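Below is a brief report on one protein model.

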Amino acid sequence: MSTKDELLKIFLLNENQWVSGSQLAQKLSISRESIWKGVDTLRKQGHRIESQRSLGYRYLGSDHLDSAVIKMQTKGRFAGEIHTARSIDSTQNWAKQYLSSHQPDRPVAFLADQQTAGYGRRGRQFYSPQKTGLYFSLVLPHNPMSALPKIGLLTTGVAVAVGHVLKRTFPDHDFSYKWVNDIYMNGHKVCGILTEATLELESASSAALIVGIGINLSTADFPNEFAQKAGSIAPGQTVDRNRLAAELLVEIMSIYHEYDSGKFLPEYRDHSLVLNRPVELKIGNRQVVGTAIDIDEQGGLVVELADGTKQSFISGEVTKVNLPEMMS
């Protein structure tokens with residue numbers, strides 16, 4: 001490890017606590033001047049480190065996503081690679097480019113402070129301003145010879161995993177799941193989830209899954225085209241995005257290892273925004289109108305139609321929910 005990495009490790013273990021320069025120098029067996037240079041390098045990389053002559057240094061977090069910080073804060077519970085960027089067109093595109101020249105056997109995470117061309121379902125733009133949200137994609141290797149992944153369960157499972165972390169981080173807020181891929185708060189979308197698969201051409205089966213997640217954390221203002229539907233969780237507040245990213249990666253992998261069991265579905269149903277409400281569902285070019293009555297064991301939405309028949313849909317998009325406070 002370089003001096004700055006050794007310092008960062010110590011600071012993270014003693015976050016918000018004062019550590020004297022002499023203690024650091026003694027622990028790393030280097031000069032006080034080398035400590036100062038290491039701290040200066042960390043500051044230039046966006047780490048907020050307070051210094052006071054009589055107390056030493058105190059680590060206050062980072063203004064940027066940092067792969068080393070995220071990795072350390074997973075405390076060994078995320079075995080994959082982590083990559084970060086200040087700005088990227090889309091973390092989904094970044095992940096796809098990576099897969100074009102790599103065949104990973106473990107998860108790989110791609111995170112960015114800003115996306116200039118972030119997208120969600122049907123290629124719709126996902127507003128991704130600098131430093132006020134968390135935007136990342138997670139590559140999940142899939143054995144092409146195994147059964148096709150149950151995408152409905154994976155997307156709903158990831159939603160529950162994200163919901164767990166958001167509820168721990170923001171305990172005073174209520175979050176709901178809008179089938180299949182959105183998380184809402186106070187009638188506005190605060191998180192979008194997109195699951196895509198890459199193909200193994202020889203076997204024509206899935207070689208890897210890419211789960212993209214965008215969370216509006218503290219964005220105070222949205223462009224007019226997003227303002228009616230989108231919202232943020234803690235407008236104007238400072239959120240430790242590195243710590244949040246670490247918790248999300250750990251929680252998602254915890255559910256991923258057994259997502260096909262569907263054990264999380266009761267919780268998803270309990271916090272569903274659409275169940276027992278009239279909905280409009282778009283399936284390709286087809287429009288379905290009815291009442292959402294259940295989430296089935298494959299993560300599909302069960303809709304009761306006007307004639308009393310019931311149909312289950314594993315894919316599609318709820319384009320309208322009959323709620324007084326929300327039209328989506």
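This is a predicted model: local features need pLDDT of at least 70, side-chain atom pairs count only at pLDDT 80 or more; totals for chains, interfaces and linings use all residues.

Strand β7 (residues 176-178) pairs with β8 in the antiparallel sense, over 3 bridges. A hairpin of 3 residues joins β7 to β8.

## The largest pocket

The largest pocket holds about 500 Å³ of space. It is lined by 30 residues, and the closest to its centre are G120, R124, Q125, F126 and K189. Several elements each supply at least two lining residues: α5 (91-99), β6 (133-141), β9 (188-200), β10 (205-216) and α7 (224-227).

The lining splits by class as follows.

| Class in the lining of the largest pocket | Count |
|---|---|
| Nonpolar | 11 residues |
| Polar | 12 residues |

## The whole protein

The secondary structure comes to 9 helices and 15 strands. The radius of gyration is 22 Å, close to the 20 Å that the globule rule gives for 328 residues, so the protein is as compact as a globular protein of that length. Along its principal axes, the C-alpha trace spans about 80 × 50 × 35 Å.

Of the 328 residues, 51% count as buried. What share of contacts between residues at least 6 apart in sequence joins residues at least 24 apart? The share is 63%.

Key. Residues are numbered from 1 along each chain as its sequence is written. Side-chain values use heavy atoms; hydrogens and water are left out. On a 1 Å grid over the protein atoms alone, a cavity is a set of points where a 1.4 Å probe fits but cannot get out, and a pocket is an open set with protein on both sides within 12 Å along at least five of seven lines; lining residues have an atom within 4 Å of a point. Grid points are joined across faces, edges and corners, and a volume is the space filled by probe spheres set on the points. Helices (H or I, at least four residues) and strands (E, at least two) are DSSP runs, numbered from the N terminus. Ala, Val, Leu, Ile, Met, Phe, Trp, Tyr, Cys and Pro count as nonpolar, Asp, Glu, Lys and Arg as charged, and the others, Gly among them, as polar. Two strands pair if DSSP finds at least two bridges between them. The radius of gyration is taken over C-alpha atoms; the globule rule is 2.2 Å times the number of residues to the power 0.38. Buried means under 20% relative accessible area, exposed over 50%, partly exposed in between (1.4 Å probe, protein chains only). Contact means heavy atoms within 4.5 Å.
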